[in-house]
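Have a look at the model, then read on.

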Amino acid sequence: MRVTDRSLEDAVLDLLGHRAPGASVCPSEVARAVHGSGDEGWRALMDPVRRAAARLAARGLVEITQHGAPVDPAGARGPIRIRRPARDPSP
């Protein structure tokens, strides 16, 4: 599978769709799922996954959190988590 911005965004939303409301995913989970191999190649996808999550956050589809609290993706340094917002903007 060719990794695209869209495939990363879809992977984030797919993983969240299989979680309980309020649950989050780590960008490394997304990277591993997209990479699909047991080797360490998933690490190269970490920054692209974070950017995909930031795009989704800008559209209101996810929240980026640190220590359980929402943060601005542009200012987030260090480990983050991705979750659906408390109120889903989808109709």
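This is a predicted model: local features need pLDDT of at least 70, side-chain atom pairs count only at pLDDT 80 or more; totals for chains, interfaces and linings use all residues.

Residues are numbered from 1 along each chain as its sequence is written, and side-chain values use heavy atoms, with hydrogens and water left out.

**Confidence**
- The chain's average pLDDT (the predictor's confidence in each residue, from 0 to 100) is 91, and 93% of the residues score at least 70.
- Among the elements (DSSP runs numbered from the N terminus: helices are H or I, at least four residues, and strands are E, at least two), mean pLDDT is lowest in strand S3 (residues 69-70), at 91, and highest in S4, at 97.

**Helix H2**
- Helix H2 spans residues 27-35, and Pro27, Ser28, Val30, Ala31 and Val34 are its buried residues (under 20% relative accessible area with a 1.4 Å probe, protein chains only; exposed is over 50%, partly exposed in between).
- They cover an arc of only 160° around the axis, so they lie on the same side of H2; the arc is that of the directions from the helix axis to the C-beta atoms.
- Their cover includes helix H1 (5-17), strand S1 (24-25), helix H3 (46-58) and strand S4 (81-83), with contact meaning heavy atoms within 4.5 Å.
- Gly36 follows H2 and has a positive phi, near 70°.

**Helix H3**
- In H3, Pro48, Val49, Ala52, Ala53 and Leu56 are buried.
- Their arc is only 140° around the axis, which puts them on the same side of H3.
- Asp47 and Ala58, on the other side of H3, are exposed.
- H1, H2, strand S2 (63-66) and S4 are included in what covers the buried residues of H3.
- After H3 comes Gly60, with a positive phi near 80°.
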